[in-house]
Number of protein chains: 2
Amino acid sequence: MSGDEHLRRAIALAREHMEAGHGGPFGAVIVRGSVIVAEGWNQVTSSNDPTAHAEVVAIRRACASLETFSLGECVLYTSCEPCPMCLGAAYWAGVKQIVFAASRHDAAAAGFSDEFLYRELPLEVSQRSIPTIQRLAEEGRGPFDAWMAKEDRIPY
Amino acid sequence: MSGDEHLRRAIALAREHMEAGHGGPFGAVIVRGSVIVAEGWNQVTSSNDPTAHAEVVAIRRACASLETFSLGECVLYTSCEPCPMCLGAAYWAGVKQIVFAASRHDAAAAGFSDEFLYRELPLEVSQRSIPTIQRLAEEGRGPFDAWMAKEDRIPY
C-alpha cells in the first residue's frame, strides 16, 4: 500500500466507525515499513473515554502490539490533523512522520474543539478558559529530585 | 480533604509509583466535591503506553468510574503542570479546574519534554520537528460531511 492508500484507510475507518455510532468521524493507522501495525478510531462517546481519539487509540494499540513505548520507525496516518492531545501523544511516541487529510479548520466547521485548543494551549496559564493554579511548588519538585537520584530510572 | 491535601496525594503518588519502577515521577487525582474519584500515575515504561501519563490515566479511570465522558464537576490535581497532551485531555474531559504543583520548567530540568512540546505545538505544521504533511484534503472532509448529516450523532 502507498502512503495515500494508508491515508485512505484512515479516512475509511473514520466514516465506518462514525456511522456505526462508535464516536466522532476520525480514523488513524500506524504504519511500519509498508505494513499497518495498528488501526484506531474515535470511541469517546461509546467507551466513555475522552482520550479515546483515533490517534491515541492507534498509538496505544501499536505500542501494545510491538511491545514498546517508542514508535520511531512508524508513520502516523490520520483522517484529520491531530488535536493538541493527539499531537502530544505522537511526539511522546516519537513517530517519524505524520500525514493527515482534513485540517483543524474542517474539524471546527463540524463542531469540534481542535482549533480552539490550538489557540488555548499557548496562552499563559492565568489566561486559560479552564481556571488553573499552581500550589505547593516546592513540594512538587520533590519527586523530580528523587527521579534524578534513581540510578535505574528508564528515561522516555 | 482540602485542595492542598488532594495535591499532596498527587505528589505522593508520583513519588511512590516512580520508586516502584512504574514510570516517570508524576501523579494525579480527580476530585468531585471533596471525594477522590480516581487516581493516576505515570506508567509509560511499565505498560508500553506513551499516553499513560498520570493525568490521562486518572481521567480515563474517573470517566470509567462515573460512566461519563465529561468531568464538568471535577477538579484535576496533578503533581506537575500538565504537558500539552494531558492539558488537551483535561480540556476534552471538561474538568472545571486544574491545580498543579511543579512546573513545566521543573519537568524540563529533570529531562522531560513538556517545555519543548509547549514550544513545538503552536508552530506552523511545516516548522515542526516531526515532519508533517497534508494529503487528500478533499477526501478527508468526507467523514465530516457525513457526521453533520447524521441525525443521531452525539456531540462531545
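This is a predicted model: local features need pLDDT of at least 70, side-chain atom pairs count only at pLDDT 80 or more; totals for chains, interfaces and linings use all residues.

Trainee: Why are the two copies said to be related as by a two-fold rotation axis?

Mentor: In general, two copies of a chain are related by a rotation about an axis and a shift along it. Here the rotation is 180° and the shift is 0.0 Å. The copies are therefore related as by a two-fold rotation axis.

Trainee: Which residue of chain A comes closest to the rotation axis?

Mentor: A:Met85, with its C-alpha at 1.9 Å.

Trainee: How do you know that the same surface serves both copies?

Mentor: Take the contact residues of chain A: 100% of them recur in chain B. The contact itself involves 71 residues of chain A and 71 residues of chain B. A contact needs C-beta atoms within 7 Å.

Trainee: What makes up the side of chain A that touches chain B?

Mentor: By class, 45 nonpolar, 14 polar and 12 charged residues. Helix H7 (residues 137-149) of chain A gives the most, with 10 residues.

Trainee: What makes S5 of chain A and S4 of chain B a pair?

Mentor: Pairing needs at least two bridges. Strand S5 (residues 132-134) of chain A and strand S4 (residues 97-102) of chain B have 3, and they run parallel. They therefore count as paired. Within S4(B), B:Val99 stands opposite A:Ile133.

Trainee: How many strands form that sheet, and in what order?

Mentor: There are 5, in the order S5(A)-S4(B)-S3(B)-S1(B)-S2(B). The sheet is open, and the pairing is mixed. Its neighbouring strands are turned by 20° against each other on average, direction ignored.

Trainee: Where does the antiparallel part come from?

Mentor: One such pair is S1 (residues 27-32) and S3 (residues 74-80) of chain B, joined by 5 bridges. B:Ala28 has B:Thr78 as its bridge partner in S3(B).

Trainee: Which helix packs on this sheet and touches S1, S2, S3 and S4 of chain B?

Mentor: Helix H1 (residues 3-19) of chain B, whose direction makes about 150° with that of S1(B). Helix H3 (residues 54-66) of chain B lies across S1, S2 and S3 of chain B, at about 140° to S2(B).

Trainee: Now the sheet in the order S2(A)-S1(A)-S3(A)-S4(A)-S5(B). Why are S2 of chain A and S5 of chain B edge strands?

Mentor: Each has a single partner strand, so one side of each is left without a neighbour in the sheet. The twist averages 20° from one strand to the next. Helix H1 (residues 3-19) of chain A packs on this sheet, touching S1, S2, S3 and S4 of chain A. So does helix H7 (residues 137-149) of chain B, touching S3 and S4 of chain A together with S5 of chain B.

Trainee: How many residues does the largest nonpolar core have?

Mentor: It has 102. Membership requires buried residues joined through C-beta atoms within 7 Å. Among those with the most contacts inside it are A:Ile59 and B:Ile59. B:Ile59 touches residues including A:Pro50, A:Thr51, B:Ile30 and B:Ala90.

Trainee: What share of chain A counts as buried?

Mentor: Of its 156 residues, 53%. Each of those has 20 or more other C-beta atoms within 10 Å of its own.

Conventions: Residues are numbered from 1 along each chain as its sequence is written. Chains are lettered from A and ligands numbered from 1 in the order in which they are written. Two residues are in contact if their C-beta atoms, placed from the backbone, lie within 7 Å. Helices (H or I, at least four residues) and strands (E, at least two) are DSSP runs, numbered from the N terminus. Ala, Val, Leu, Ile, Met, Phe, Trp, Tyr, Cys and Pro count as nonpolar, Asp, Glu, Lys and Arg as charged, and the others, Gly among them, as polar. Axes are lines fitted to C-alpha atoms, for helices over the stretch in contact, and angles run from 0 to 180 degrees between N-to-C directions. Copies are superposed by least squares on the C-alpha atoms of residues with pLDDT of at least 70 in both. A residue is buried if 20 or more other C-beta atoms lie within 10 Å of its own, exposed if 12 or fewer, and partly exposed in between; C-beta atoms are placed from the backbone. Lists of a residue's contacts leave out its neighbours within four places in sequence.
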